[in-house]
Each structure stands twice: as C-alpha cells, then as structure tokens.
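Here's a quick briefing to read alongside the structure. Take a look at the model first, then work through the points below.

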Amino acid sequence: MTKIYVHPLPVRLWHGVNASGFVLMILTGFQLRFAGTLELLSFQTTVDLHNWIGFVLIANFFVWFLFYLFSDRVRSYHPDLSPRRQFARTFSQMQYYGYGIFKGQPNPHKLSIYDKFNPLQSMLYQIVMLLAVPLVAVTGLLLWDSQLFAPISAFFGGTRVVGTVHVLLFIFFCFFIFMHVYLGSLGHTVTAHYKAMFLTGYEDVHDDSPADKS
Ligand code: HEM
C-alpha cells in the first residue's frame, strides 16, 4: 500500500467549511420552509443564520476556484481528450457502481496524483461546482435583498421564478449530499476517503495497480 497526497490543505479547508456550511444551510432551509410546523429557531434568527452562512460559503467558493485556477492539480478535473476513451471509462465506472462492486470486483479507476477522480466524479463535481453552487448562490443573493435586486429578478421571470430555482437546487443538494456521503464510504475501508478529505490529504493505493507505479 502506497500513500498519495491527493487533497492539498486549501482543498481540505475549503471542503470542511463547505460541507458543514451546506449541512447548516439545508437545516436552516428546512426551518425557513416549514416555519410554524418546525420551531427549532425563531424565524428572524434562522433568516440571519441562513444569510451569514450563505456569505461565508460564497467567499469559501473562491478558495476552491482560485486554488484550482492557479494549480496544476486542476488536471484531475480535465476530461479525457478522446471521447471514445472517456465514454468507455464512464461506462465501466457505471458498471462497477451498479454491479461490480457487489461482486467484489476491483474499482476500474486507478487513482494517481493528477487523476484523483473517476470519470463520473470529475463530471459530477464540475456540474456541482461550476453550475449548481454558483446558481444557488446567485439566486440566494437575489432573494436576500429582493427589493434591491428586483430588476435583475424581473429579468429572470420574477422573484417567484428565482425562489423556485433556489428551492429546486436545495432539493438537488439534499440528494447530492446523501449520494456523495454514501459514495465517500466506498474506499478500501468505510472511513478511508473521509480521513483523506477531512484530515490527512493522503489516499492509500494498492501497489499492484499500474497507475500507482507511475
Ligand atoms: C457531510 C457532507 C460531506 C461529506 C462527508 C463529504 C465527503 C467527501 C469526501 C470523502 C470526498 C473525497 C472523496 C471524493 O473525491 O469523492 C469529497 C470530495 C468532494 N466533495 Fe464532498 N462531502 C460532503 C459535502 C459536500 C458538499 C456539500 C459539496 C458541494 C456542494 C461537496 C463537494 C465535493 C467536491 C467538489 C469534492 C472534490 C474536491 C476536490 O478534491 O477538488 N462535498 N467529499
């Protein structure tokens, strides 16, 4: 077993703040949506918390963005330039999650320093980080001061449309976190990926895999 340093400190700090922030945003989001039924916090405290954590998460997004903008580690996010190979790798990864994993077959993706994501992860993480997170942040900002931003909201169809997009993204993130935490437990031990992402930065790789020898 070899250890590979795949999650540098800025990524781990960003992810720790991001994960705890999103969980709190979801909890306060539920409290806002079901105010009256759920009475864990007062409405005003919940609004203030939701807003402040939102601003922290927006600032924190730039930690992730600027780190990858100026680091060669961004190669982990690059798709394969051969569409045929990209498709074949994606298909075999889907086959592994849907079938192979239950048969004890090895993971087709061999992790290395500049290729830490399997094709499904790199695709999903790009959608999440470059589309879903910016969109939930922008719609959140428009709702935060709906009077100030009324002309912009009107351009996108009005506050109701903006609010609906925000809530749809809230539902998406509830499902995403659920799946993401489950997939995070599929390392060589249940806690291996969590330890790497939240603590050490190092992933364990079997020495017999071809990519590990490179
Ligand atoms: C309780 C919440 C969470 C847990 C336990 C968790 C766990 C993990 C783990 C173990 C990894 C490394 C393994 C892997 O690459 O899949 C990871 C990576 C990642 N997670 Fe999470 N996560 C959580 C919340 C989130 C949220 C809310 C987001 C986005 C909104 C997110 C986005 C990402 C991204 C983009 C990566 C790859 C980061 C990189 O290396 O560039 N995670 N997460």
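**Gly201 and its surroundings**

Gly201 counts as partly exposed because it has 17 C-beta neighbours inside 10 Å (buried means 20 or more other C-beta atoms within 10 Å of a residue's own, exposed 12 or fewer, and partly exposed in between, with C-beta atoms placed from the backbone). Keep in mind that this is a predicted model: local features need pLDDT of at least 70, side-chain atom pairs count only at pLDDT 80 or more, and totals for chains, interfaces and linings use all residues. Residues are numbered from 1 along each chain as its sequence is written.

- You'll find Gly201 in the loop between α7 and β2 (202-205) (helices are DSSP runs of H or I with at least four residues, strands are runs of E with at least two, and both are numbered from the N terminus).
- Leaving out residues up to four places away in sequence, Gly201 touches Tyr5, Val6, His7, Pro8, Leu9, Arg12 and Ala196 (contact means C-beta atoms, placed from the backbone, within 7 Å).

**Helix α4**

- There's a kink of about 35 degrees in α4, centred on Val128 (the bend is the angle between axes fitted to the seven residues ending at a residue and the seven starting there).
- Among the buried residues of α4 are Pro119, Val133 and Leu142.
- Those buried residues of α4 pack against α2 (43-69), α3 (83-98), α5 (150-155) and α6.

**Around the ligand**

- The shell around the ligand gets its largest share, 6 residues, from α1.
- Sorted by class, that shell has 12 nonpolar, 7 polar and no charged residues (Ala, Val, Leu, Ile, Met, Phe, Trp, Tyr, Cys and Pro count as nonpolar, Asp, Glu, Lys and Arg as charged, and the others, Gly among them, as polar).

Notes. Contact = placed C-beta atoms within 7 Å.
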